[in-house]
Structures are given as structure tokens and as C-alpha cells.
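I open this notebook to record what I looked up in one structure. The entries follow the order in which I made them.

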Amino acid sequence: GLQGLENLDFQRPNAYVPLSLSLVSAAMLAWWSRQPSSSFSKCCVGWVLLDLVSYSVMFNATTHPQTIQREPQSLAVLKADRTVFRKATYRYHIDRDTRANQEALTPSWGMVYGVEDINGFNSLQTRRYTDFLFGPTVGDVSYSQLFDERLFQPDNPILSALNVKYLFVPRGSVPKVGSSFRQIYVNDFVRIYENSKVYPRAYFADSVSVELNPNIVLRTVTANGFDGRRLAL
């Protein structure tokens with residue numbers, strides 16, 4: 001995205017890392033095409049290792065092992081629930097505080113602790129899932145963003161249909177949360193709401209209707225007041 005492109009701005013020193021590596025790699029290939037040798041292969045292996053280490057160190061921060069071992073306080077709420085459920089985190093902006101992200105289980109902290117989540121940081125995302133959760137005009141990858149306040153209203157069926165039982169709202173965020181979401185926990189980093197209208201993970205609908213137009217299906221199953229437990233399309 002745009003934040004990634006900012007790393008390639010020539011006003012920033014780290015922009016010269018991939019550029020320098022590319023230029024040296026091109027020079028090495030040109031040299032090898034004229035004078036192939038086994039010693040050159042060793043140089044290439046060493047250069048690739050240097051490339052991987054130097055590039056990833058500057059562009060991808062790592063998490064200290066002690067941070068992962070320290071469970072977030074908010075996790076106790078989910079551990080006490082023995083049912084099958086998913087959670088979602090309201091996420092409009094990126095918080096650089098690791099502890100805050102850990103407590104809100106975003107963007108992929110839920111995976112560390114075995115919590116099933118709809119906020120995963122995906123590089124690939126199916127178009128049908130994007131259409132259902134965000135609408136057909138939104139890009140094909142959400143990158144764990146979730147900030148449409150219409151999803152948190154009592155008549156909206158989308159999060160309930162996705163088996164989202166708990167909604168996490170990070171500190172500093174004040175979305176309009178409907179009456180079907182009841183606050184059950186709060187600390188310095190996050191508030192947790194429980195969804196009283198959540199669907200089970202699996203269920204039998206009361207009736208089935210056939211509709212061949214996929215656009216009509218999408219509009220119907222995402223419309224306010226629709227209950228997928230009563231009708232399947």
C-alpha cells in the first residue's frame with residue numbers, strides 16, 4: 001500500500017538498501033556472464049544471504065519472545081468461554097504500541113493464542129468474502145482493517161453470521177456500537193463487547209429459497225434485519 005511505497009522515498013535512507021542490492025546484483029550477473037566460475041557461485045550465495053538479512057532487518061520489525069510469552073489480560077475473557085466463536089477488532093488506524101496491539105488482538109495477535117478471528121492480516125482474500133463483509137466496491141484485501149460502524153448495529157447481520165461473538169475496541173477509538181453489543185470488559189488498552197445476536201458456527205436454516213442472481217443474493221443476506229438462521233439463499 002501507500003505506507004509501503006513511503007519506504008522507497010529517496011528522502012529516506014532505507015530506500016537505498018534495495019537499490020544498492022539491485023545494482024550490485026546486476027553487476028555480478030554481468031561479470032558472471034563473461035567469466036563463469038565456481039568461486040562466483042559462492043559469492044552469489046553470500047550476497048543473497050546478505051540481501052535477505054539486511055533487507056528484512058530494516059523493513060520488518062520482530063517481536064521479543066518475552067512479549068509473546070506474556071499473555072494479554074483481555075485473553076482471560078475469551079478463555080472463560082467454552083463455546084465456538086470468532087472475535088473482531090475495530091481497527092481504523094495502526095497503533096505502533098505493541099502492548100496495545102497485543103491487548104486488542106490485532107492485527108494477527110489472535111493467531112498467537114489460538115483465538116479465531118476475522119481480522120487476520122491476509123495477503124490473499126476471496127472476493128466473495130470481501131463482498132460480504134465490506135461490499136463489492138471495496139478492494140480485494142482488507143489488511144485487517146475493520147471500521148464500518150454499520151457492522152456494529154443491532155439490525156446488521158454480517159458479524160453475527162460470521163460467528164463474531166466478541167468485539168474488541170482499542171483505546172482512543174469511539175465507534176458507535178449498537179445495543180446488541182454489551183460491554184463486558186475494559187482495561188487501559190481495550191474494551192470488549194459481547195454480541196447477543198451471534199449465530200452458531202453451524203446451523204440449519206428454517207427454509208431455503210433459490211435465487212440465481214448473485215447480486216440479489218448479496219444484497220439480501222447483508223440487508224438490515226436479514227436472519228440467515230431462518231432463510232438460506
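**Entry 1: a salt bridge at lysine 87**

I began with lysine 87, which is buried, with a relative accessible area of 0%. The model is predicted, and I read every value below with that in mind. I then looked for the salt-bridge partner of lysine 87, and it is aspartate 117, with the closest N and O atoms 2.8 Å apart. I noted that this pair links distant parts of the chain: lysine 87 is in strand β1 (residues 86–89), aspartate 117 is in the loop between α7 (109–112) and α8, and 30 residues separate them. Aspartate 117 is partly exposed, at a relative accessible area of 21%.

**Entry 2: other salt bridges**

I counted 11 salt bridges. I looked up the one between the side chains of arginine 182 and glutamate 194, where the N to O distance is 3.3 Å. It also links distant parts of the chain, with arginine 182 in strand β3 (residues 181–186) and glutamate 194 in strand β4 (residues 190–195), 12 residues apart. Arginine 182 counts as exposed because its relative accessibility is 52%, whereas glutamate 194, at 23%, counts as partly exposed.

I turned next to arginine 229, which forms a salt bridge with aspartate 227, the closest N and O atoms being 3.0 Å apart. Aspartate 227 is buried, with a relative accessible area of 18%, and arginine 229 is partly exposed at 32% relative accessibility.

**Entry 3: glycine 228**

Where does glycine 228 lie? I found it in the loop between α10 and β6. Glycine 228 has 10% relative accessibility, so it counts as buried, the cut-off being under 20%. Apart from neighbours within four places in sequence, glycine 228 is in contact with Tyr199, Tyr203 and Ala205. For tyrosine 199 I noted a C-alpha to C-alpha distance of 8.5 Å from glycine 228, at 29 residues apart in sequence.

**Entry 4: helix α8**

Which residues of helix α8 (residues 127–134) are buried? I listed Thr130, Asp131, Phe132 and Leu133. Their cover includes α9 (158–161) and α10 (214–221). Just after α8, I recorded a positive phi of about 110° at glycine 135.

**Entry 5: the second largest pocket**

I looked up the second largest pocket, whose volume is about 570 Å³. It is lined by 24 residues, and Arg128, Phe132, Val217, Leu218 and Val221 lie nearest its centre. The elements that give two or more residues to this lining are α8, α10 and β6 (231–232). α10 gives the most, with 5 residues. By class, I recorded 16 nonpolar, 3 polar and 5 charged residues in the lining of this pocket.

I checked phenylalanine 152 separately: leaving aside neighbours within four places in sequence, it is in contact with Tyr90, Leu159, Leu167, Pro175, Lys176, Val177, Gly178 and Phe181.

Terms used:
Residues are numbered from 1 along each chain as its sequence is written. This is a predicted model: local features need pLDDT of at least 70, side-chain atom pairs count only at pLDDT 80 or more; totals for chains, interfaces and linings use all residues. Side-chain values use heavy atoms; hydrogens and water are left out. Buried means under 20% relative accessible area, exposed over 50%, partly exposed in between (1.4 Å probe, protein chains only). Helices (H or I, at least four residues) and strands (E, at least two) are DSSP runs, numbered from the N terminus. Contact means heavy atoms within 4.5 Å. On a 1 Å grid over the protein atoms alone, a cavity is a set of points where a 1.4 Å probe fits but cannot get out, and a pocket is an open set with protein on both sides within 12 Å along at least five of seven lines; lining residues have an atom within 4 Å of a point. Grid points are joined across faces, edges and corners, and a volume is the space filled by probe spheres set on the points. Ala, Val, Leu, Ile, Met, Phe, Trp, Tyr, Cys and Pro count as nonpolar, Asp, Glu, Lys and Arg as charged, and the others, Gly among them, as polar. A salt bridge is a side-chain nitrogen of Lys or Arg within 4 Å of a carboxyl oxygen of Asp or Glu.
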